Amino acid sequence: MNEKQNMSDDQIKKAVAAIKAERPAYEKLLDFFEKLFLAQEETKGHLDLEPIEIPKDLLSVKRQEKFPLVNRADFAIDTKASGALLKKICRLSAEATEVLAEACSKISNALEKGALEPTTLFSKLLMEDDAYFQEVSQGLEIDKKVLTFVAYTSIMPALSLCAEQLTACLDKDTPWQKGYCPICGSPPALSILRDEGQRSLLCSFCGHEWQALRIYCPFCDNKDRKTLHYFFSEEEEEGYRVDMCDQCKRYIKTVDTRKMSHPVHPLVEHISTLHLDILAQEQGLESGIPSWLQT
Ligand SMILES: [Zn+2]
Ligand SMILES: [Zn+2]
């Protein structure tokens, strides 16, 4: 276990403990996600991945045209490590919600019988092959979202490591200022305000964080402050708000780290603010995260 991983484990544990104390309603959900996030960190520590190479001329075209560095299908996956994590997530799910526990027990059985093949599952996810997920989930009589969730959470350590390696190819001199991830082109899952009030966006797919404009809708490029608003939850939770756009009627949750008394782990924050998603959706707003990546 390396130093970075230790720090991350510690950050996850502290963030979870603080939020459980603040919002006890999330206790059960966070019990499961804490184990899941720690298992992902452990997997990330011993992945065997070929670095993704981008030819120089292709890289300069991508920079010029503001194209993301790679497509989702280009990510490298360590099938052995992710396959082992998949089995572990299925085991952890036994203590999660009933729906997840039941579906994961069927997934485990299918894996054992060889009816479900991790290599195929992961590559179909990267290719966003919805028909495959539809067919397999129907065959197993489980919710398609659960199958996508376990497949995605199993490859997340690899996606995150690839994204970290690829940051070396990003143009450090030109601000990105786009609403999609500069690494993989996916929309953001969360908006984060850091030290001096700089805003960054967290990729919903590879976990890369990039700097963005303060007054800006990442889903439709709107920069007009008259049509961009935000609201707080009824409890006026310090440090959390929902940013919304009148133009595209989408929203993004924002975490202000300057107002937090606990260590901020973006994924823990995302999971423990589902009440804000409910509030936003009650107002007729839509999430900008692709439906297959929504928790
Ligand atoms: Zn990304
Ligand atoms: Zn918008």
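Colleague: In which strand is the place of Glu209?

Modeller: Helices (H or I, at least four residues) and strands (E, at least two) are DSSP runs, numbered from the N terminus. Glu209 has its place in strand β3 (residues 209–212). Please note that this is a predicted model, in which local features need pLDDT of at least 70 and side-chain atom pairs count only at pLDDT 80 or more, while totals for chains, interfaces and linings use all residues. Residues are numbered from 1 along each chain as its sequence is written, and chains are lettered from A and ligands numbered from 1 in the order in which they are written.

Colleague: Is Glu209 buried, exposed or partly exposed?

Modeller: A residue is buried if 20 or more other C-beta atoms lie within 10 Å of its own, exposed if 12 or fewer, and partly exposed in between, with C-beta atoms placed from the backbone. Glu209 has 17 other C-beta atoms within 10 Å and is therefore partly exposed.

Colleague: Which residues does Glu209 touch, not counting those up to four places away in sequence?

Modeller: Two residues are in contact if their C-beta atoms, placed from the backbone, lie within 7 Å. On that basis Glu209 touches Ile192, Ser200, Leu201 and Leu202. Phe149, by comparison, is 60 residues from Glu209 in sequence and 21 Å from it in space, C-alpha to C-alpha.

Colleague: Which residues of the largest nonpolar core touch the most other members?

Modeller: A nonpolar core is a set of buried Ala, Val, Leu, Ile, Met, Phe, Trp, Tyr and Cys residues joined through C-beta atoms within 7 Å. The largest one here has 70 residues, and Val150, Ile155, Leu159, Cys162, Cys181, Ile183 and Cys206 touch the most other members. Helix α8 (residues 144–166) gives the most to this core, with 13 residues. The core lies between domain 1 (47–169) and domain 2 (188–293), because both give residues to it; the domain bounds come from an automatic or database domain assignment. For Val150, leaving aside neighbours within four places in sequence, the contacts are Leu86, Ile89, Cys90, Cys104 and Ile107.

Colleague: What separates the centres of domain 1 and domain 2?

Modeller: Taken over C-alpha atoms, the centres are 25 Å apart. Eight residues from domain 1 and six residues from domain 2 take part in the contact.

Colleague: How is the packing of α4 and α8 to be read, and at what angle do their axes cross?

Modeller: Axes are lines fitted to C-alpha atoms, for helices over the stretch in contact, and angles run from 0 to 180 degrees between N-to-C directions. Angles under 35 degrees count as roughly parallel, over 145 as roughly antiparallel, 65 to 115 as roughly perpendicular and the rest as oblique. The axes of α4 and α8 cross at roughly 135 degrees and come within 9 Å, so these helices are oblique to each other. Ser82, Leu85, Leu86, Ile89 and Cys90 of α4 make the contact with Val150, Thr153, Ser154, Ile155 and Ala158 of α8.

Colleague: At what angle do α4 and α6 pack?

Modeller: Helix α4 (residues 79–92) and helix α6 (residues 118–126) pack at about 100 degrees, with their axes 10 Å apart. They are therefore roughly perpendicular to each other.

Colleague: Where is Lys66 found?

Modeller: Lys66 is in the loop between α3 (56–65) and α4. Although not a glycine, Lys66 has a positive phi of about 60 degrees.
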